[in-house]
Amino acid sequence: MHIAVIGSGYVGLVAAACFAELGHTVVCVDNDEQKLEALQRGETPIHEVYLPELLQRHRGLRLSYSGSVAEAVRASSVIFIAVGTPPLESGDADLSYVEAVAREIAFSLNGYKVIVEKSTVPVYTSEWLKRVIRLTCPENEEFDVVSNPEFLREGTAVTDFLYPDRIVIGADSERSREVLEQVYLPLLSGSYYEQAHRIPEPGELADRVKVIYTSAKSAELIKHASNAFLAMKISFINAVANVCEAVEADVEEVRRGMGSDARIGSAFLRAGIGYGGSCFPKDVAAFRSVAEQARCSFRLLDEVIAINEEQRSRFIAKVREALWTLKGKRVGVLGLAFKGGTDDVRESPAIAIVKSLLAQQCAIQAYDPAAMKGARNILGDSIAYAGDAYEAAQGADALLILTDWEEFAALDLERLKQVLRYPIIIDGRNLYSLETMQSSGLMYVSMGRPVIQHPSSATRKLKSGELAK
Ligand SMILES: NC(=O)c1ccc[n+]([C@@H]2O[C@H](COP(=O)([O-])OP(=O)(O)OC[C@H]3O[C@@H](n4cnc5c(N)ncnc54)[C@H](O)[C@@H]3O)[C@@H](O)[C@H]2O)c1
């Protein structure tokens with residue numbers, strides 16, 4: 001099939017590369033000239049496992065890039081809209097990019113096309129799209145609008161796309177539904193999974209990819225409701241973590257107990273500094289607006305957002321408690337991306353915490369395996385950028401872990417102890433077990449778990465006679 005993907009960001013570029021991998025001829029469109037030039041030179045503008053090799057494999061063969069929506073539309077029978085839907089001040093999704101693309105598509109229709117919402121959009125967007133396109137396109141042009149929300153996660157985007165839990169097809173006509181089935185056929189029939197050169201499966205292969213057929217409106221709601229639910233799980237466990245701290249229990253034990261209930265599941269039940277990224281914060285806010293506009297009370301979402309915001313202040317309070325005063329302290333920071341495995345710093349809780357520490361006159365030296373460039377665009381020269389984790393810790397009064405990169409869970413603790421000015425780690429992601437930290441000789445503060453004091457604090461107390469009393 002001939003497919004156009006409009007918007008070559010985290011979703012569009014991955015979708016385009018994967019559609020080419022499935023055997024389609026794909027043109028990937030963007031209006032960011034620098035990004036297009038980089039793609040045309042063979043570069044991969046985002047950090048995503050397997051993406052460079054897919055782009056390399058298909059570039060110039062089944063995958064091309066273009067700055068022209070019109071050309072791409074005319075050459076394709078299916079058009080995926082994957083532009084951004086950032087939040088407005090009000091919390092509503094900004095749909096102006098989607099609308100602008102819809103108008104351009106409408107001008108260029110030449111025969112029946114299926115226009116697919118890949119961007120995350122509020123319910124009713126498909127109706128608006130139909131209306132805008134109908135009013136703009138030449139009379140008698142045939143088209144359908146389908147909602148096909150994307151559930152990939154940054155960091156594992158390619159394997160999420162090629163090995164999905166489910167594919168949701170929100171089509172209001174039989175004809176458009178069949179077109180979408182053709183797009184995903186190699187996944188639905190399983191033929192892709194028999195190919196020798198397939199991208200390797202991330203775990204055990206399910207028998208079949210589940211496909212869920214719905215109306216366009218339900219599909220739009222599935223995406224918003226799913227993200228709001230996952231955000232709720234994160235806020236829920238964070239609230240539980242706060243109770244654990246108050247009663248000296250261990251949230252990791254509580255999580256294990258809760259998560260092993262199949263009805264609950266352990267995913268997204270990690271206590272930490274809260275969710276961030278370009279999806280959860282804006283999608284929860286947008287879903288709250290949708291509910292409000294539909295005159296439905298959904299105050300649960302207010303609480304999800306409030307807990308998430310409080311979590312950052314609670315973390316800063318932990319840093320203050322460990323360091324006594326913040327002004328003039330040198331703080332090492334591990335992680336700037338909103339989560340491990342990506343270079344994306346949009347709405348990153350790590351960046352918010354760094355900004356807050358800067359405002360309190362701390363000096364920051366930070367390291368992230370992939371997000372240094374993105375962080376520099378936001379933080380400029382207000383912090384020092386380290387070459388690795390140990391350089392970030394060098395001479396610091398404490399080391400903060402803010403992103404759950406795998407490599408931060410396997411640090412040489414002895415070496416850290418030597419380079420830190422004070423042997424203090426404050427872990428906003430609970431990457432270490434208490435047992436490991438107990439024997440490390442470091443003070444270890446984490447989320448929802450007892451603090452492990454540095455051995456010298458006991459000695460100090462002993463010396464001052466405090467413990468003897
Ligand atoms: N990032 C994720 O993990 C993720 C996951 C699922 C769904 N989504 C949703 O997918 C959508 C895209 O997200 P993203 O993270 O890929 O955004 P992004 O900002 O990385 O990419 C959007 C791209 O669209 C391009 N663009 C904007 N207007 C354009 C126009 N008129 N013509 C051509 N290109 C245009 C931009 O230049 C940019 O490259 C959003 O609605 C998001 O909520 C994102």
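A polar contact is a pair of N or O atoms within 3.5 Å; within protein, one atom must be able to donate a hydrogen and the other to accept it, and residues adjacent in sequence count only if both atoms are side-chain atoms. The model is predicted, so that local features need pLDDT of at least 70 and side-chain atom pairs count only at pLDDT 80 or more, while totals for chains, interfaces and linings use all residues. Residues are numbered from 1 along each chain as its sequence is written, and side-chain values use heavy atoms, with hydrogens and water left out.

**The ligand**

Select the ligand together with threonine 85, where a polar side-chain atom of the residue lies 2.6 Å from a ligand oxygen atom. The ligand on its own has 830 Å² of accessible area, of which the protein covers 89% (Shrake-Rupley method with a 1.4 Å probe; for residues, only the protein chains shown count as cover).

Now widen the selection to the 26 residues around the ligand, among which Asp30, Lys35, Thr85, Glu154 and Lys282 come nearest (a residue is near a molecule or strand if one of its heavy atoms lies within 4 Å of it). Coloured by class, this shell shows 9 nonpolar, 9 polar and 8 charged residues, where Ala, Val, Leu, Ile, Met, Phe, Trp, Tyr, Cys and Pro count as nonpolar, Asp, Glu, Lys and Arg as charged, and the others, Gly among them, as polar. Helix H1 (10-21) and helix H5 (96-107) each supply at least two residues of the shell; helices (H or I, at least four residues) and strands (E, at least two) are DSSP runs, numbered from the N terminus.

Strand S1 (residues 2-6) pairs with S4 in the parallel sense over 4 bridges (two strands pair if DSSP finds at least two bridges between them), and isoleucine 6 stands opposite isoleucine 81. Strand S5 (residues 113-117) also runs parallel to S4, joined by 4 bridges, with valine 78 opposite valine 114.

From here select leucine 109, in the loop between H5 and S5, which is buried because its relative accessible area is 5%. Leaving aside neighbours within four places in sequence, leucine 109 is in contact (heavy atoms within 4.5 Å) with Val73, Ile115, Ile133, Cys137, Glu141 and Phe143.

**A six-stranded sheet**

Move to the open sheet of 6 strands, whose order is S11-S10-S9-S12-S13-S14 with parallel pairing. Its edge strands, each pairing on one side only, are S11 (384-385) and S14 (443-445). Within the sheet, 4 bridges join S9 (residues 330-334) to S12 (residues 398-401), and leucine 334 stands opposite isoleucine 401.

**Two loop residues**

Finish with asparagine 430, in the loop between strand S13 (424-427) and helix H17 (434-438), where phi is near 50°, a positive value in a residue other than glycine. Asparagine 430 counts as buried because its relative accessibility is 4%. Phenylalanine 268, in the loop between helix H10 (251-259) and helix H11 (280-293), has a positive phi near 60°, and this residue is partly exposed at 29% relative accessible area.

Definitions and conventions
Buried means under 20% relative accessible area, exposed over 50%, partly exposed in between (1.4 Å probe, protein chains only).
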